[in-house]
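Reader: I am new to this structure. Please walk me through it.

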Amino acid sequence: MSKVAFITGVSGQDGSYLADLLLTKGYLVHGTVRRASSIERPNLEHLINDCDIYNKRLFLHYADLSDLTTLRRLVRRIMPQEFYHFAGQSHVGLSFEIPESTCDFTAMGTLRILELLRDLDQPVRFLNVGSSEIFGAPKSAPQSEETPYRPVSPYGVAKAFAVNMVRIFRESHGMFAVNAISFNHESPRRGRSFVTRKIARAAAEISLGKRKELVLGNIQTKRDWGYAPEYVEGMWRLLQADTPSDYVLATGRLCSLENFLASAFAVVDLDWRNYLHIDDRFIRPNDPDTLCGDPTKIGRDLGWFSKTGAEEVAEIMVRADLKSLQSRTD
């Protein structure tokens with residue numbers, strides 16, 4: 001009998017990679033998507049176009065985190081064994097512009113799901129995707145599961161609320177509810193509003209003569225960047241564990257945005273300094289400089305390690321954008 005998984009935000013970067021992984025493991029996968037004017041879902045296109053998968057092993061449902069009634073009906077009808085929660089406002093910079101909706105979807109949306117699952121007769125294993133942004137401006141590095149939360153953005157505050165609520169429901173109600181406290185992880189499926197995708201896309205387009213410059217803010221900021229397909233495999237492992245616990249998912253290595261930029265432009269044999277324009281409007285308020293994760297616990301307990309570093313991720317992303325752009329002109 002196939003396991004059944006439920007994924008909120010299945011059309012996003014992490015949700016789509018997790019769907020790929022679970023399908024290879026024989027799961028039936030149900031995912032939520034938001035109703036929008038465009039029905040294009042490029043991250044799922046390869047699955048939707050597969051007649052042996054779509055509506056046979058992968059099922060998509062319209063639902064919104066603010067619509068608990070629809071979510072409850074879906075979950076009660078599907079009765080999944082595993083629930084992966086990715087949906088929410090996920091852009092840190094944008095959270096300063098829309099703090100209220102960020103907190104509603106990212107913080108309260110998680111609480112609504114926890115309450116829904118707590119009322120079910122059949123227990124469901126629940127995973128919430130946390131974020132390194134909960135640490136904000138930490139006083140120590142690297143950051144582990146024991147590092148105090150000091151968020152410096154509305155997004156970080158919302159994620160800290162969600163992570164704490166998951167822990168409280170686990171400890172108070174005996175739920176198998178865990179947090180994957182994930183540091184930055186990127187891929188060709190990353191949305192174009194994110195800085196890594198902006199860089200990869202710009203490098204590809206500039207090399208093909210489709211644009212002349214790249215506009216960014218602070219390029220000295222440093223992050224712990226990994227590769228998204230590896231991270232969702234780690235998330236899956238969290239729900240296969242004997243005992244529920246929270247884990248940091250990270251590479252344990254820092255890379256500056258400048259180095260990521262250089263790696264991306266090196267793929268197309270260009271000097272990024274000839275094309276970069278710095279614009280102060282793209283500098284976040286209270287942008288943390290160094291967030292570096294400590295993956296010791298997940299490596300020890302679950303045998304998960306990140307293999308792909310930031311420079312290699314940059315290359316993967318640029319080559320994917322080059323392939324996509326060139327296919328449109330063939």
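Author: A polar contact is a pair of N or O atoms within 3.5 Å; within protein, one must be able to donate a hydrogen and the other to accept it, and residues adjacent in sequence count only if both atoms are side-chain atoms. This is a predicted model, where local features need pLDDT of at least 70, side-chain atom pairs count only at pLDDT 80 or more, and totals for chains, interfaces and linings use all residues. Residues are numbered from 1 along each chain as its sequence is written, and side-chain values use heavy atoms, without hydrogens and water.

Reader: With which side chain does the side chain of His 30 make a polar contact?

Author: His 30 lies in strand E2, residues 28-33. Strands (E, at least two residues) and helices (H or I, at least four) are DSSP runs, numbered from the N terminus. Beyond four places in sequence, His 30 touches residues including Val 4, Phe 6 and Ile 78; touching, or contact, means heavy atoms within 4.5 Å. At 2.9 Å, the polar partner of its side chain is the side chain of His 61.

Reader: Is His 30 buried or exposed?

Author: Buried means under 20% relative accessible area, exposed over 50%, and partly exposed in between, with a 1.4 Å probe and protein chains only. His 30 has a relative accessible area of 11%, so the residue is buried.

Reader: How do H5 and H6 lie to each other?

Author: The axes of H5 (residues 99-118) and H6 (residues 154-173) come within 8 Å and cross at roughly 15°. Axes are lines fitted to C-alpha atoms, for helices over the stretch in contact, and angles run from 0 to 180 degrees between N-to-C directions. Angles under 35 degrees count as roughly parallel, over 145 as roughly antiparallel, 65 to 115 as roughly perpendicular and the rest as oblique. H5 and H6 are therefore roughly parallel.

Reader: And how does H3 lie to H5?

Author: The axes of H3 (residues 68-78) and H5 come within 11 Å and cross at roughly 40°. That angle makes H3 oblique to H5.

Reader: Which residues in H5 does H3 meet?

Author: From H3, the residues are Leu 68, Leu 71, Arg 72 and Val 75. In H5, they meet Arg 112, Ile 113, Leu 116 and Leu 117.
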